[in-house]
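Trainee: Could you take me through one part of this model up close? I'd like to look at the charged side chains and how they pair up.

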Amino acid sequence: MIASTCRAFFTSRIDRLPRLLSVSYVPSYAVRTFQGTISQANLRSLTTMNVGKGGSHQTAQKKKQRAFNQVWKPISTEAAASEEKLEVDGSVSLQPSRADISKEELVSESSVTDEKCSITMQVDTPLLRFVKGKGGSIQKQIEEELKVRIIFPSSKEENSLVIEGNKVENMTKASERIKQVLEEAVNSRMLDYSHFISLPLALHPDLLKKLIKFQSTILGEIAVDDSGGTDHSGDELKRQSVSQMEVVEEKDQVRVKIAERGAASGSKSRILSDLGIDKSIFIKPKTFHLTVLMLKLWNKDRVATASDVLQRISSKVMDALENRPISIQLKGLTCMKGSPAKARVVYAPVYEVGDEGRLVRACEVIRDAFVESGLVVGNDAQQSLKLHATLMNVRHRKNKKKRWNDSFDARQIFDEYESEEWGKYPIQEIHLSQRFKFDESGYYHCCSSIALPHPTLTI
């Protein structure tokens, strides 16, 4: 009777092993095959594992190491029932990847407690830092809780993340934790934007001259109210202005011209510093543009997909523009959130010449296509379209000692430029632009582009 009971218990445990000690990940939902893309709400990891039997380090050359290979590839998914697969955290299922592996072999391998196993996950280099965490905190937490060891690639050219351990179950849980960490990072501000859809304005020399004058005027001169009203820069700034700078009368205001020599040069820097203004927060004129959509394209596959999406919708964009040239007018200044007293982003509002709504429709075609492709992540898909031409942005500040809620005092700038007429300019191209990389012209590196109809030249 005891022997019969043992056999029944052993058989029961054996029957459960293929589902518990699985060696392959496949999506548990029907996949919309957009390789290398990511859905708005859900990311799924398409992984492939290869299994081999192994032993100790000394016999590694004679026997195949028992290892698993996983590839972390976000893909767009749609819900679909699958009764034949075992759900794990509602995301992926486990199935044997080797048809010839037996239950007895699995029992034999898993029962050897001192045997080292490993899982290799392919994780793109820009995302590896999230697995490590600040000061190695996330890596340490996973390793301690699941009794595994996470080994990172030895060079930036490699993207193989290795998980070592004694139990397949713990290594599997560790890989799931890593995928969860990556999902959260991709959908948050922790991962910065790498690309964006832009409408280049730096193509127009007249506009560039105005932008250069705008910057040099602010950096070289600061206006002080002489009407007896409130001095936006404060009483201390006014005292410094009177005692350390040359006063030049101009129309009905006093313009304080900062001297370029001696102690006055230091005064200039102090005044601008008090206002939170420095050259680094100005947009470089050669990169001036309208932003349609921000993107996180952290590998070559996603960049290639984005380029393909832009080219595929070319005809739809032309239809939205009614195959006619489109021009915009830039007028005045405004803040993106906040107020001129504590500005973070200052930009010129954009108006379509003719006010037919064609430009907005074309931009919506672009946005909808990229959202549908799964290349727009997190809450970005719900963001409303707001065309703007950024002139100043504290995110570009080189002095990183500023607080997280960094801002600058733009009230004097608004006094002078709030009604500025920047001009009317045709939109000639649409670019998939890469941040932090520039072409010979000085504009952002173009990964892909669409040429728009040019205005008819009149003689």
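Mentor: A salt bridge here is a side-chain nitrogen of Lys or Arg within 4 Å of a carboxyl oxygen of Asp or Glu. Keep in mind that this is a predicted model. By that rule, the count comes to 16 salt bridges.

Let's zoom in on R324. One of its partners is E356, with the closest N and O atoms 3.0 Å apart. E356 sits in the loop between β17 (345-352) and α11 (358-373), while R324 is in the loop between α10 (314-320) and β15 (326-331), so this pair ties together parts that are 32 residues apart in sequence. R324 also meets E322 in a salt bridge, at 2.6 Å from N to O.

How open is this spot? E322 has 41% relative accessibility and counts as partly exposed. R324 is partly exposed as well, at 31%, and E356 comes in at 38%, again partly exposed.

For a contrast in setting, look at R397 and D406, a salt bridge whose closest N and O atoms are 2.6 Å apart. Here R397 is buried, because its relative accessibility of 3% falls under the 20% cut-off. D406 is buried too, with a relative accessible area of 8%.

Now back to where we began: salt bridges with shared partners join E322, R324, E356, R358 and R361 into one network.

Methods
Residues are numbered from 1 along each chain as its sequence is written. This is a predicted model: local features need pLDDT of at least 70, side-chain atom pairs count only at pLDDT 80 or more; totals for chains, interfaces and linings use all residues. Side-chain values use heavy atoms; hydrogens and water are left out. Buried means under 20% relative accessible area, exposed over 50%, partly exposed in between (1.4 Å probe, protein chains only). Helices (H or I, at least four residues) and strands (E, at least two) are DSSP runs, numbered from the N terminus.
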